[in-house]
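This report is for a reader who is meeting this structure for the first time. Please look over the sequence and the model before reading on.

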Amino acid sequence: MALYGLIQAAVLLTNAVAVLHEERFLAKIGWSVDQSVGGFGEEPGIKTQLINLIRSVRTVMRVPLIAVNSVCIILLLLFG
């Protein structure tokens, strides 16, 4: 069950990123979209890349997370 534990940890971390609200949480710590404006041709910094990663996870993983969470819940109910 070590592999299942790793998968469950990855699902929990993805859930944690997916529930971050941009206005309520991220803006308070200075990670809003307005502050990540860069110039043309400049490489984005770590902060901008993390903001884009969070927004991408929230956009792309919303529906698959519902299915993956449902499967994890069913497996936990069946096998403890």
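## Overall make-up

Helices and strands are here DSSP runs, a helix needing at least four residues and a strand at least two, and they are numbered from the N terminus. Counted in this way, the secondary structure of the protein chain, which is a predicted model, comes to 4 helices and 0 strands. Read from the N terminus on, the elements follow the order α-α-α-α. The radius of gyration of the protein chain is 16 Å, well over the 12 Å that the globule rule gives for 80 residues, and the chain is therefore more spread out than a compact globule.

Along its principal axes, the C-alpha trace of the protein chain spans about 50 × 25 × 20 Å. Among contacts between residues at least 6 apart in sequence, 65% join residues that are at least 24 apart.

## Surface and charge

Of the 80 residues of the protein chain, 19% count as buried. The chain exposes about 6300 Å², and carbon and sulfur atoms supply 69% of that area.

Which residues of H3 are buried? They are Thr48, Ile51, Ile54, Val57 and Arg58. In general, an α-helix has 3.6 residues a turn, so residues three or four places apart point the same way.

The buried residues of H3 pack against helix H1 (2–18), helix H2 (22–26) and helix H4 (62–79).

## Helix H4 and the end that follows

H4 has 18 residues and reaches 26 Å from its first C-alpha to its last, which is close to the 26 Å expected at 1.5 Å a residue. Just after H4, Gly80 takes a positive phi of about 80°.

## Asn15 in helix H1

Asn15 is found in helix H1. Is this residue buried or exposed? Asn15 counts as buried because its relative accessibility is 19%, and the cut-off for buried is under 20%. Leaving aside its neighbours within four places in sequence, Asn15 is in contact with Leu65 and Asn69.

Terms used. Residues are numbered from 1 along each chain as its sequence is written. This is a predicted model: local features need pLDDT of at least 70, side-chain atom pairs count only at pLDDT 80 or more; totals for chains, interfaces and linings use all residues. Side-chain values use heavy atoms; hydrogens and water are left out. Buried means under 20% relative accessible area, exposed over 50%, partly exposed in between (1.4 Å probe, protein chains only). Contact means heavy atoms within 4.5 Å. The radius of gyration is taken over C-alpha atoms; the globule rule is 2.2 Å times the number of residues to the power 0.38. Accessible areas come from the Shrake-Rupley method with a 1.4 Å probe; for residues, only the protein chains shown count as cover. The expected span of a helix is 1.5 Å times one less than its number of residues.
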